[in-house]
Amino acid sequence: MTDRRAQIAEAGIAILASRGVRALTHLAIDRELGLPDGSTSYYARTRRDLIAVIVDRLATRTGDDLAAQALPEALTPAVVASVIVAGLDATMRRADEHRARLILLLECRSDPELQASLATRPEVRGAFVDAIAALLVGLDVDRPQENAQDAAALLDGLLMQRVIRASPAHEEAILTAYLTGLTDGRGEPLGG
């Protein structure tokens with residue numbers, strides 16, 4: 001991504017997170033960046049092009065917050081829950097990105113290509129699920145890869161609660177109970 005396209009994407013993320021999808025216009029980005037009117041249109045001709053620039057930036061900037069957490073040698077459901085909550089805390093340093101992603105997930109629901117980049121970009125989602133699977137392996141959960149998919153969905157929900165500032169959840173207690181259920185059942189998937 002060129003520097004100007006990166007600046008446009010960052011400005012778009014800021015506008016989405018602070019003012020919503022209706023405020024996202026080429027002109028708003030020009031003004032946010034102090035550019036002459038029409039400058040953003042050179043890099044993104046249409047609204048869809050503009051959203052695609054932002055989507056690409058969001059998809060490639062997903063960090064490995066969970067993977068960056070130091071793991072103690074002895075893993076228990078409570079310890080893993082604590083590590084995951086620390087990962088959620090680290091992720092919230094990019095709260096505007098997650099807010100923009102949620103807004104765009106709704107905005108792009110009729111555009112399968114953009115929706116797929118936002119929701120499931122294979123390399124990003126795969127790395128996230130693999131990090132969770134590694135934690136489940138440490139807990140000696142059977143079928144860690146299958147269970148990691150469900151755990152990722154649970155984490156998505158917890159992250160969404162934080163991003164939209166909904167009612168507070170007892171994340172460590174929720175995750176400890178979930179992980180304890182997996183270890184007690186030795187990893188029988190909920191749907192299986």
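In this predicted model, the side chains of Arg162 and Asp89 come together in a salt bridge, with an N to O distance of 2.7 Å. The two partners belong to distant parts of the chain, since Arg162 sits in helix H10 (residues 144–163) and Asp89 in helix H6 (residues 77–91), 73 residues apart. Asp89 has a relative accessibility of 42%, and therefore counts as partly exposed.

A second pair joins Asp111 to Arg48, and here the closest N and O atoms are 2.6 Å apart. This pair also links distant parts of the chain, with Asp111 in the loop between helix H7 (95–107) and helix H8 (112–120) and Arg48 in helix H4, 63 residues apart. Asp111 counts as buried because its relative accessibility is 16%, which lies under the 20% limit for that class, whereas Arg48, at 33%, counts as partly exposed. Arg48 and Asp111 are also linked with Glu113 in a network of salt bridges.

A further salt bridge connects Arg57 with Glu10, whose closest N and O atoms are 2.8 Å apart. Arg57 lies in helix H4 (residues 47–60) and Glu10 in helix H1 (residues 3–19), so that this pair, too, links distant parts of the chain, 47 residues apart. Glu10 is partly exposed, because its relative accessibility is 28%.

The table sets these pairs side by side.

| Salt bridge | N to O distance |
|---|---|
| Arg162 and Asp89 | 2.7 Å |
| Asp111 and Arg48 | 2.6 Å |
| Arg57 and Glu10 | 2.8 Å |

The pairs described here are among the ten salt bridges counted in the model.

Technical notes. Residues numbered from 1 in each chain as written. Predicted model: local features only at pLDDT ≥ 70, side-chain atom pairs only at ≥ 80, totals over all residues. Heavy atoms only, no water. Salt bridge = Lys/Arg side-chain N within 4 Å of Asp/Glu carboxyl O. Helix = DSSP H or I, 4+ residues; strand = E, 2+ residues; numbered from the N terminus. Buried < 20%, exposed > 50% of the residue type's maximum accessible area, 1.4 Å probe, protein only.
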